Amino acid sequence: MTTIIALTNQKGGVGKTTTSSALAAGLSSFYNKKVLAIDFDPQGSLGFSLGLDIENSSTIYDVLKGNVPIQDAIQTTDYCDIITSNILLSGAELEFTSADRELCLKKALAPVIDHYDFIIIDTPPALNILTVNAYVAADHLIIPMAPEILSLLGLTQLKETIDSVREKLNPSLNVLGLILTKYNRRTLLAREVKEMAENIAGQIGSCVFHTQIRASVSVAEAPAHGLSVYDHAPRSNPSLDYKEFVKEVMDKITVVSMEAK
């Protein structure tokens, strides 16, 4: 059965795309899962970071517009299958005006959903119609956040959006956890933000992942080479941390699946 995970945070610069890439590559490389990654951010960073041409290929925008079948938009990388995005997707708020516009992504995924073990959705740094589409399609959310006070400020609004989607469109939507990125456990601020994040996670019925992703220049370098952080810097702190994070995701999903039975 396919598990769909959306990574979300309306604040930019928190490592959302890096975490999406590491999760997709990790599930495929370490657990031999068949993975489809959806770049649902108009900036197109996920596709670019895995070495794809985002300007001269069919994108998720073309799929949602009905211009190409979803099967024709899927590209294969060394890590996973991926559907790219580009700036045209930014017009979704104005272009998608049908009564069921929150269901566009869920409907688009229907023809291929059974072909994958996991579908990973990288959402834009905003709470807009694209984000809501991702929440409606997803089984689980993961919220990456940096250990900064500003990262905490938007979580209340994020909680309201999650609650609204649960109430109206996807009652089974689960927040798998908050993952702290760019983490330096030696700083007082990082420890304070972690404590506050744990309180907020409890309010949305979730928790903070035990793994924190330590800061390193290797994370910023990997996309320029079109490589996952595991291949670019396999012995770096982020590579080791993300490997632990992927294991934690697998463990949590196993527990959730057993509880559902």
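1. Lys 243 lies over the face of Phe 30, 4.8 Å from the ring centre; a charge sits over a ring if NZ of Lys or CZ of Arg is within 6 Å of the ring centre and within 35 degrees of the ring normal. The charged end of Lys 252 is placed over the ring of Phe 209, at 5.3 Å from its centre.

2. The model is predicted, with local features needing pLDDT of at least 70 and side-chain atom pairs counting only at pLDDT 80 or more, while totals for chains, interfaces and linings use all residues. Residues are numbered from 1 along each chain as its sequence is written, and side-chain values use heavy atoms, with hydrogens and water left out.

3. There are 3 aromatic pairs (ring centres of Phe, Tyr and Trp, the latter by its six-membered ring, within 6.5 Å; planes under 30 degrees apart are stacked, over 60 edge-to-face, the rest tilted). The rings of Phe 30 and Tyr 230 are edge-to-face, with centres 4.8 Å apart and planes at 75°. Phe 30 belongs to helix α1 (residues 16-31) and Tyr 230 to helix α12 (residues 229-232), so the pair ties together parts 200 residues apart in sequence. Helices are DSSP runs (H or I, at least four residues), numbered from the N terminus.

4. At 33% relative accessibility Phe 30 is partly exposed, whereas Tyr 230, at 8%, is buried (buried is under 20% relative accessible area, exposed over 50%, partly exposed in between; 1.4 Å probe, protein chains only).

5. Tyr 242 and Phe 245 also form an edge-to-face pair, 6.2 Å centre to centre with 70° between the planes. Both residues are buried. Ring pairs join Phe 209, Tyr 242 and Phe 245 into a cluster.

Terms used
Helices (H or I, at least four residues) and strands (E, at least two) are DSSP runs, numbered from the N terminus.
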